[in-house]
Amino acid sequence: MQRIAYLGPAGTFTEAAVRTLVDPDAVELVPAATPPAAMELVRQGRVDAACVPIESSVEGPVPTTIDALATGTRLQIVAEAVLPVRFSVLVRPGTTAVRTVHTHPHAAAQVQQWLAAELGGAVLTLTSSTAAAAEDVAAGRADAAVSTALVGERLGLVALAVDVADVRDAETRFVLLTTPCAPPEPTGHDRTSVVLQLANTPGALVTAMAELALRGIDLTRIESRPTRTGLGTYRFFLDCTGHVSDPLVAEALAALHRRCEDVRFLGSWPAASPDAGTVPPDPAGSRGWVAGLGGGRG
Ligand SMILES: O=C(O)C(=O)C[C@]1(C(=O)O)C=C[C@@H](O)C=C1
């Protein structure tokens, strides 16, 4: 039976995400304390894959996830899920006063206005996940948790408020990671991701991005993170539409490989929403034209 690690404990949004990506009855789900810990289990061969949050529509990237993708042995994204994120504020039955609130940093950022308005005096403590926060409430270590309705039911907590979110329609993207493998077959609505290490020369980033732009490939996300080797030294995370087997994407990746000090391929996988678009298939037949020149044609 395949073993899949996820950001636990049971009841996190990440568990809900992994359940949409794999058949939960056909795999063993293994909770891990943090995204890097889940990813390390894959690197050590102790699980077959890991599901971790990577991006929130409100808070942007999940730094621990993307840093762990850029360092250590390479892992590859093979699938993604995008889930709507709505929080419940959970307390033990009979709670009358809330002096302490526990939650995950991304959840805190998504409910800060609500917390200020409704539980202004309460002290906020950050936890490794929303489910860990709910476990703290059940164990009496906190008065309230910003968490999921599901985990509240599991732990016998009651909701002080449901559907709490400063920003309506917030979503989080989760990815399923494995050791390097042949990417899933292209679907026509795929996403490709790389991490670039660029020389510190004028125009290095803009020329790297131009390799995508000139080929009509849509850049869907760009992120920079410090390499931690000195001030002002960053690596860049680029997501674009298309699949490594699309000739234009392959050409762009080859060009990036020539231009950059290092390119780490993070995978090509089916996009969760079809808005990922497609990459033009070389409509002018330019590749065939060049190939023909070698044979004296054209
Ligand atoms: O704590 C959880 O339930 C998670 O799955 C993590 C996570 C995140 O890292 O963004 C997922 C979605 C919410 O935005 C809050 C927390």
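The model is predicted, so local features need pLDDT of at least 70 and side-chain atom pairs count only at pLDDT 80 or more, while totals for chains, interfaces and linings use all residues. Residues are numbered from 1 along each chain as its sequence is written, and side-chain values use heavy atoms, with hydrogens and water left out.

Let's start with the ligand. It is surrounded by 13 residues, and the closest are Phe-13, Thr-14, His-106, Gln-110 and Thr-130; a residue is near the ligand if one of its heavy atoms lies within 4 Å of it. By class, this shell has five nonpolar, eight polar and no charged residues. Here Ala, Val, Leu, Ile, Met, Phe, Trp, Tyr, Cys and Pro count as nonpolar, Asp, Glu, Lys and Arg as charged, and the others, Gly among them, as polar.

Where does the shell come from? Helix 1 (13-21), helix 4 (105-110) and strand 11 (171-178) are the elements that give two or more residues to it; helices (H or I, at least four residues) and strands (E, at least two) are DSSP runs, numbered from the N terminus. Domain 1 (1-84 + 170-181) and domain 2 (87-164) each supply at least three residues to the shell, with bounds from an automatic or database domain assignment.

Now look at the oxygen atoms of the ligand. One lies 2.5 Å from a polar side-chain atom of Thr-130. In the side chain of Thr-14, an N or O atom is 2.6 Å from a ligand oxygen, and for Thr-172 the distance is 3.3 Å. Taken alone, the ligand exposes 360 Å², and the protein buries 100% of that (areas come from the Shrake-Rupley method with a 1.4 Å probe).

Finally, visit two spots in the backbone. Most residues other than glycine have a negative phi, and most peptide bonds are trans. Gly-8 and Pro-9, however, are joined by a cis peptide bond, with omega about 5°. Pro-9 is in the loop between strand 1 (2-7) and helix 1. Asp-169 has a positive phi, near 60°, and belongs to the loop between strand 10 (158-164) and strand 11.

Notes. Polar contact = N/O pair within 3.5 Å; in protein donor to acceptor, adjacent residues only side chain to side chain.
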